[in-house]
Each structure stands twice: as C-alpha cells, then as structure tokens.
Amino acid sequence: MTKNILWREGWIKPLLTESLPSEKCGICNREFGELDFVTSCEFCEIGIIHDICANNHISTTHAKELGEKINKHKEKQLHSFQ
Ligand SMILES: [Zn+2]
Ligand SMILES: [Zn+2]
C-alpha cells in the first residue's frame with residue numbers, strides 16, 4: 001500500500017549552542033548534547049528542538065497542517081501531469 005513519507009532536506013548545518021536563544025530543547029526540555037541532531041518546526045515558533053522530538057511533535061501536534069501540506073502536494077503533482 002502507498003504510504004505518505006516526509007522528506008527532510010539532507011544537508012547538515014553545524015551550530016554552537018552558545019548562538020541559540022536556549023540550550024534546551026523546546027519539547028523535552030533537556031539540554032542539547034554534543035552532536036545532537038536539531039531542527040525547528042515549520043508550523044509553530046517552538047524554537048530549536050531535537051530532530052527526534054520534532055518528528056513526534058509534527059506528526060501529532062500538527063497532524064492537520066501536515067495533512068493539508070500532503071494534499072497540496074498531491075494537487076501539485078496532478079497539475080504537472082495535465
Ligand atoms: Zn528534545
Ligand atoms: Zn510545531
């Protein structure tokens with residue numbers, strides 16, 4: 001069966017926690033560790049969060065926005081074939 005999967009850009013941008021407004025994840029509230037993967041949420045202003053926390057956050061908190069985005073993408077695909 002066809003599944004919707006979510007592509008994240010593959011490039012990595014190194015950052016220092018010093019340069020962040022907070023050294024803690026906005027979701028689990030734990031301090032970032034060395035070489036933790038972090039990201040931000042495109043749907044809200046939660047700030048810098050762990051990549052794994054973001055996955056869970058986006059697929060639960062933003063299920064509706066995510067659904068809209070998936071539908072928009074499908075419409076675009078249809079148009080490009082017409
Ligand atoms: Zn976290
Ligand atoms: Zn969010």
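Buried residues make up 7% of the 82 residues in the protein. A residue counts as buried if 20 or more other C-beta atoms lie within 10 Å of its own, as exposed if 12 or fewer do, and as partly exposed in between, with C-beta atoms placed from the backbone. The model is predicted: local features need pLDDT of at least 70, side-chain atom pairs count only at pLDDT 80 or more, and totals for chains, interfaces and linings use all residues. Residues are numbered from 1 along each chain as its sequence is written, while chains are lettered from A and ligands numbered from 1 in the order in which they are written.

Start with confidence. pLDDT is the predictor's confidence in each residue, on a scale from 0 to 100. Its mean over the protein is 92. A value of 70 or more is reached by 95% of the residues. Among the elements, strand E2 (residues 49-50) has the highest mean, 97. Helix H2 (residues 63-81) has the lowest, 86.

Now the overall form. The radius of gyration, taken over C-alpha atoms, is compared with a globule rule of 2.2 Å times the number of residues to the power 0.38. For 82 residues, a compact globule would come out near 12 Å. The protein has 16 Å. Its C-alpha trace spans about 50 × 25 × 25 Å along the principal axes.

Two residues are in contact if their C-beta atoms, placed from the backbone, lie within 7 Å. Take the contacts between residues at least 6 apart in sequence: 20% of them join residues at least 24 apart.

Next, the elements. The protein has 2 helices and 2 strands. Helices (H or I, at least four residues) and strands (E, at least two) are DSSP runs, numbered from the N terminus. From that terminus on, the order is β-β-α-α.

The segment before strand E1 (38-39) holds Asn29. Glu9 is exposed because it has 7 C-beta neighbours inside 10 Å. Glu18 is exposed too, with 6 such neighbours. From Glu9 to Asn29 the sequence separation is 20 residues, and the C-alpha atoms are 25 Å apart. Glu18 and His62 are 44 residues apart in sequence and 29 Å apart in space, C-alpha to C-alpha.

Which backbone angle stands out at Asn29? Its phi is near 65°, a positive value in a residue other than glycine. Most residues other than glycine have a negative phi. Leu35, in the segment before E1, also has a positive phi, about 60°, and is not a glycine. Leu35 is exposed because 6 do.

Move on to the helices. Asn55 sits in helix H1 (residues 51-61). With 14 C-beta neighbours inside 10 Å, Asn55 counts as partly exposed. Asn55 is 14 residues from Cys41 in sequence, and their C-alpha atoms are 9.2 Å apart.

Glu65 belongs to helix H2. Why does Glu65 count as partly exposed? Because it has 14 C-beta neighbours inside 10 Å. Between Glu65 and Phe43 there are 22 residues of sequence separation and 7.5 Å from C-alpha to C-alpha.
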